[in-house]
Protein chains: 4
Amino acid sequence: MIIVMNNGATEEQIEGVVKKIREYGLDANVSRGTERTVIGAIGDERKLDQELFDALPGVEQSMHIVKPYKIVGREWHKQDSIVDIKGIKLGGNQIQIIAGPCSVETQPQMDAAAKFVHEAGCRLMRGGAFKPRTSPYAFQGHGEEGLVMFRKAAERYNLPMVTELMDARQLDTFMKHDVDVIQIGTRSMQNFDLLKEVGTINKPVILKRGMSATISEWLMAAEYIAAGGNHNIIFCERGIRTFETYYRNVLDVTAIPVLKKETHLPVIVDPSHAGGKAWMVPALSRAAIAAGADGLLVEMHPTPCEAWCDADQALTPDELKTLMGSLGAIAGAIGRSI
Amino acid sequence: MIIVMNNGATEEQIEGVVKKIREYGLDANVSRGTERTVIGAIGDERKLDQELFDALPGVEQSMHIVKPYKIVGREWHKQDSIVDIKGIKLGGNQIQIIAGPCSVETQPQMDAAAKFVHEAGCRLMRGGAFKPRTSPYAFQGHGEEGLVMFRKAAERYNLPMVTELMDARQLDTFMKHDVDVIQIGTRSMQNFDLLKEVGTINKPVILKRGMSATISEWLMAAEYIAAGGNHNIIFCERGIRTFETYYRNVLDVTAIPVLKKETHLPVIVDPSHAGGKAWMVPALSRAAIAAGADGLLVEMHPTPCEAWCDADQALTPDELKTLMGSLGAIAGAIGRSI
Amino acid sequence: MIIVMNNGATEEQIEGVVKKIREYGLDANVSRGTERTVIGAIGDERKLDQELFDALPGVEQSMHIVKPYKIVGREWHKQDSIVDIKGIKLGGNQIQIIAGPCSVETQPQMDAAAKFVHEAGCRLMRGGAFKPRTSPYAFQGHGEEGLVMFRKAAERYNLPMVTELMDARQLDTFMKHDVDVIQIGTRSMQNFDLLKEVGTINKPVILKRGMSATISEWLMAAEYIAAGGNHNIIFCERGIRTFETYYRNVLDVTAIPVLKKETHLPVIVDPSHAGGKAWMVPALSRAAIAAGADGLLVEMHPTPCEAWCDADQALTPDELKTLMGSLGAIAGAIGRSI
Amino acid sequence: MIIVMNNGATEEQIEGVVKKIREYGLDANVSRGTERTVIGAIGDERKLDQELFDALPGVEQSMHIVKPYKIVGREWHKQDSIVDIKGIKLGGNQIQIIAGPCSVETQPQMDAAAKFVHEAGCRLMRGGAFKPRTSPYAFQGHGEEGLVMFRKAAERYNLPMVTELMDARQLDTFMKHDVDVIQIGTRSMQNFDLLKEVGTINKPVILKRGMSATISEWLMAAEYIAAGGNHNIIFCERGIRTFETYYRNVLDVTAIPVLKKETHLPVIVDPSHAGGKAWMVPALSRAAIAAGADGLLVEMHPTPCEAWCDADQALTPDELKTLMGSLGAIAGAIGRSI
């Protein structure tokens with residue numbers, strides 16, 4: 001950590017900072033510049049609380065220079081991690097497209113969806129049984145019954161099921177139905193108690209980025225899961241909130257190469273929630289793959305106009321098939337496969 | 001709801017929209033303009049799903065024209081609601097300043113804090129036993145033990161205790177220790193399962209605004225609590241996330257008059273988390289009261305430089321006393337009291 | 001335009017709105033719903049001032065339903081426009097990569113840059129002679145002398161020159177040196193007097209998006225140029241300002257398909273300013289092309305570590321060459337060429 | 001400046017940075033930590049280009065520790081600066097409310113406006129003759145003729161006139177009509193050539209904050225003016241752009257105490273453009289004064305419903321009078337006067 005003193009800081013104040021650093025068992029390097037004195041803390045700075053130093057008299061600002069994340073960081077784990085989902089590899093050369101409806105509605109809808117997901121060439125299926133809805137009066141999902149319908153539809157095609165967990169109290173239910181991949185939604189990215197819970201199990205976790213979470217906060221949220229022992233974490237960029245009102249969110253493609261640099265874990269993208277409109281999905285999907293994403297989470301519905309939620313952002317089965325073709329070409333252009 | 005058709009929409013597409021509106025039991029008004037046809041749905045539009053209409057062929061966009069919130073909205077409940085906290089009124093003429101440390105650290109720290117809160121003339125006390133921390137390696141709060149320390153310190157001065165609930169599984173513990181006001185933190189504003197739980201109890205709830213939540217989403221989060229039967233809700237503006245990096249968040253004072261217009265419920269402000277620095281607190285507190293806030297949530301620590309978290313944003317006991325004096329003058333200027 | 005009345009609006013207030021609409025020569029359609037009355041204005045709503053209606057008593061809100069842009073909009077001009085730059089087509093099947101240094105420094109630097117741009121297979125060259133710098137104490141560009149150096153270097157390889165115009169008073173100088181493409185920078189996107197000036201000449205104009213400009217404001221800025229008679233406009237997405245601090249801006253790839261839908265004009269992307277770091281440029285460039293961009297504006301410097309500005313975002317000549325190869329593959333995957 | 005090296009940086013790379021620092025005539029302090037080496041540049045770091053160091057091999061990041069602004073900064077000019085406008089002091093104990101219409105429309109409108117401004121007790125008048133409008137088809141202001149009308153109306157009550165300059169080519173006209181205070185609008189905050197021009201004259205300048213300008217960029221924009229010799233600069237906060245759509249902008253009250261700490265120059269607030277609705281103006285005005293603003297820029301129109309622009313944000317004459325009373329009480333509460 002580096003502590004920059006005010007330009008009028010006294011010797012006593014400088015001493016105060018040095019003393020505090022030593023209390024934590026670190027060494028201090030004092031560098032007296034023309035206008036400012038700068039103090040460097042030498043040793044494991046993760047022990048130091050930045051806010052504590054900012055509160056000391058005479059301190060202008062302090063900065064961490066070491067990354068706050070350890071397990072998920074690439075600094076100590078250079079090679080790419082591959083998450084294995086019932087034999088399907090996420091994070092390797094092959095790109096995985098996870099498709100399916102926003103929510104589990106009926107058994108026929110899920111059966112049809114599973115068939116179309118399989119026929120389009122996708123190897124994993126998504127669908128929500130527990131739904132986070134802005135309004136308490138909107139359809140909240142079928143709950144456990146939805147997991148049953150999902151499982152029944154998915155197993156016919158050997159599609160591992162990806163579904164969202166909103167509440168730690170539902171984790172047992174998820175384990176009972178052997179959900180294959182647990183999705184932590186945007187609104188739960190900093191639900192720390194939930195993160196701790198999924199850190200204790202041995203299931204792959206898709207961690208969506210919070211609506212306005214920084215890269216650093218996102219990595220720290222993953223560190224919560226990893227610190228519990230579960231290292232099967234997949235980051236999912238799903239658009240961030242900005243001033244633009246034409247589209248629901250702004251897909252942050254820059255996050256893809258940045259995460260690939262900062263972490264060894266796989267990164268996927270949800271182009272459906274990012275744009276919020278089905279017609280934007282192909283362009284955003286291509287951009288995500290071209291930027292280096294390891295997979296996509298795409299909404300497809302057998303009959304979008306009748307979907308119970310997010311109707312305007314789901315692809316039709318045919319559109320999904322066409323998309324898969326175009327993504328195959330992009331993947332080939334960068335030496336990967338779909 | 002109003003549905004705007006594309007300028008090339010066919011008669012058949014217009015008919016499709018009208019049919020869909022009627023399926024929900026509403027009437028349709030078709031207005032053919034020079035460049036666009038506009039269809040109005042007449043009846044209780046809350047039944048209509050906007051996304052469903054956006055997905056229909058020929059539709060350019062649709063807009064709700066009725067507010068999605070009912071119980072918390074002022075439209076159907078004109079007079080101000082006052083929340084009663086053990087006889088202390090929040091939302092009336094008297095402004096309430098809730099002060100105390102960021103987190104419960106030790107019994108002596110809480111005892112000293114309670115004494116200073118009382119001496120400054122504040123009537124409620126805050127303090128965190130369960131702490132949402134960005135890093136899994138940071139101090140996570142004392143948990144239940146912290147509630148015990150807090151209660152012991154607060155009851156000597158008859159200060160109702162305000163503390164954060166992060167996980168529905170802790171609600172029983174909160175009830176057991178008879179926490180007076182439950183705070184729902186920024187990261188939990190859209191933890192819908194948690195909102196449903198606090199909707200079933202009879203305790204006042206402070207609902208902090210999410211980091212980048214719109215006014216509308218915030219009101220809908222309150223509607224979740226209200227729909228469960230608990231109408232003792234207090235909104236707390238605590239700064240929103242923007243591009244500015246000089247301060248932690250941007251205190252959104254405009255939200256104060258806007259909420260006062262949209263809802264009958266009380267509105268308070270947290271100037272400490274908004275700015276993130278103790279020296280900004282007095283100016284922000286004055287602004288909040290001048291803009292019409294019904295109260296404040298202020299961090300004060302007996303010895304800020306030793307605080308275990310957010311050290312740089314806590315006021316000293318003396319600073320709190322001085323602040324109370326200056327707020328009294330502002331309150332008087334707008335015909336209220338502290 | 002649609003005008004939504006308050007739910008307590010009186011007959012007199014409704015009449016007031018209808019009267020105002022008729023004053024402008026339009027017709028009014030009044031639709032009385034269960035909770036709100038909605039008034040539609042029928043005729044050319046571009047004549048109506050939304051703020052004027054919002055100010056009328058009893059009005060809750062009003063909404064335009066017709067696009068405010070005419071000339072640049074695709075609604076009245078379905079086919080793609082191609083901008084011709086000395087015989088090089090921008091906006092057609094072939095993608096154009098415009099490369100060069102951030103600023104014109106010396107003749108040898110420009111000569112080397114031109115050579116490398118040409119060798120990498122790029123057909124246009126960029127470089128700044130007038131530089132918008134945050135600090136008044138930073139290098140402000142060589143001005144006219146810079147244009148001379150640039151021309152000399154560029155003409156050896158028949159590279160049309162692309163350079164930024166910051167001030168209307170410099171337009172004569174730009175015409176005198178026959179600058180091929182005039183760039184309007186981010187900070188000038190709403191310099192309306194400057195837009196009007198470049199609207200009067202017959203040169204292609206690259207219009208960069210403002211730091212936090214909405215798609216709609218950006219289209220209207222282009223409409224300023226177009227309204228003056230110059231329709232040779234190229235949109236350039238260069239990243240928007242958000243809360244994220246890891247990278248300088250967030251490249252908004254969604255803007256690409258959205259602009260392609262809203263306007264018939266070409267769209268290019270500046271991946272260098274978006275990310276702010278050279279190592280991010282390849283991934284962002286690929287994403288831009290995959291999303292449908294018609295070209296790129298890329299910073300390349302013969303020796304980046306010695307660049308006078310934005311040193312950390314310029315590619316080396318070798319990196320540019322490698323990038324061109326990888327972009328060729330992406331272009332091929334979507335049926336285009338580089 | 002502090003340069004942090006990658007944790008794998010070689011001795012040669014460290015030497016490269018030290019050498020570069022010395023080339024600029026500064027000294028280097030090398031501090032070898034457990035995980036990172038940190039290099040401090042000792043001397044006048046304003047000479048160092050941060051991007052240049054970021055581009056050097058082995059560098060992870062660099063940070064300036066000295067403020068980039070000199071003349072406008074409080075560090076070297078401790079006491080408050082007061083701007084004198086024809087004998088009216090801005091920045092002292094007395095708070096100045098500058099009122100008037102958005103735009104100059106007709107002579108009778110301006111005459112009436114001047115009378116009402118005067119009667120409400122305001123000492124300065126605002127009004128726009130050159131209008132920055134999002135649409136090229138909207139009313140663009142009367143130009144020079146507007147200045148004449150404004151002058152005629154204002155001089156009857158000895159009201160200094162405040163009006164916006166959009167284009168450097170109009171400066172002579174402004175001088176000819178002896179405009180008292182030149183306003184630089186939001187969209188021109190980084191029109192550096194315009195800033196340089198108003199830096200050469202001896203007129204007070206109101207510098208509005210850019211729509212998404214950071215505090216630091218804003219201070220640097222002022223530094224452009226100050227560097228030219230004109231130190232009569234007044235900052236004007238007018239709301240920033242965020243994700244919230246309920247109101248036009250978010251008034252950033254935190255900017256007020258922050259600017260007062262960073263600069264010795266006066267700070268005023270525009271509550272009309274911030275909220276965008278007349279009914280929000282009183283609450284925002286009170287908040288601004290309570291937070292320490294030295295004045296306000298308020299829109300008032302003799303008959304708002306007929307205003308040619310921003311009709312819904314102008315106060316009526318009566319509302320202005322009432323506001324002045326309420327602001328007087330707030331000013332009194334903080335020991336100031338109106």
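## Two interfaces in a predicted model

Across the interface of chain B and chain A there are 21 residue pairs in polar contact, both residues of each pair at pLDDT 80 or more. On the side of chain B that touches chain A, three helices each supply at least two residues: α2 (50-54), α6 (192-198) and α7 (215-227) of chain B. The largest share comes from α7(B), with five residues. By residue type, this side of chain B divides into 22 nonpolar, seven polar and 18 charged.

Charged side chains also pair up across this interface, where six salt bridges are found. One of them joins A:Lys277 and B:Asp54, at 3.4 Å from N to O.

Now let us turn to chain D and chain C. Here, too, the count is six salt bridges, including one between the side chains of C:Arg169 and D:Glu197, at 2.9 Å from N to O. Polar contacts link 21 residue pairs across the interface of chain D and chain C, with both partners at pLDDT 80 or more. On the side of chain D that touches chain C, α2 (50-54), α6 (192-198) and α7 (215-227) of chain D each give two or more residues. Of these, α7(D) gives the most, five residues. This side of chain D holds 22 nonpolar, seven polar and 18 charged residues.

The table sets out the extent of each interface.

| Interface | Residues in contact | Area buried |
|---|---|---|
| Chain B and chain A | 47 residues from chain B, 47 residues from chain A | about 3,900 Å², 50% from carbon and sulfur atoms |
| Chain D and chain C | 47 residues of chain D, 48 residues of chain C | about 3,900 Å², 50% on carbon and sulfur atoms |

Methods. Residues numbered from 1 in each chain as written. Chains lettered and ligands numbered in written order. Predicted model: local features only at pLDDT ≥ 70, side-chain atom pairs only at ≥ 80, totals over all residues. Heavy atoms only, no water. Contact = heavy atoms within 4.5 Å. Buried area = accessible area lost by both parts, 1.4 Å probe. Salt bridge = Lys/Arg side-chain N within 4 Å of Asp/Glu carboxyl O. Polar contact = N/O pair within 3.5 Å; in protein donor to acceptor, adjacent residues only side chain to side chain. Helix = DSSP H or I, 4+ residues; strand = E, 2+ residues; numbered from the N terminus. Nonpolar A, V, L, I, M, F, W, Y, C, P; charged D, E, K, R; others polar.
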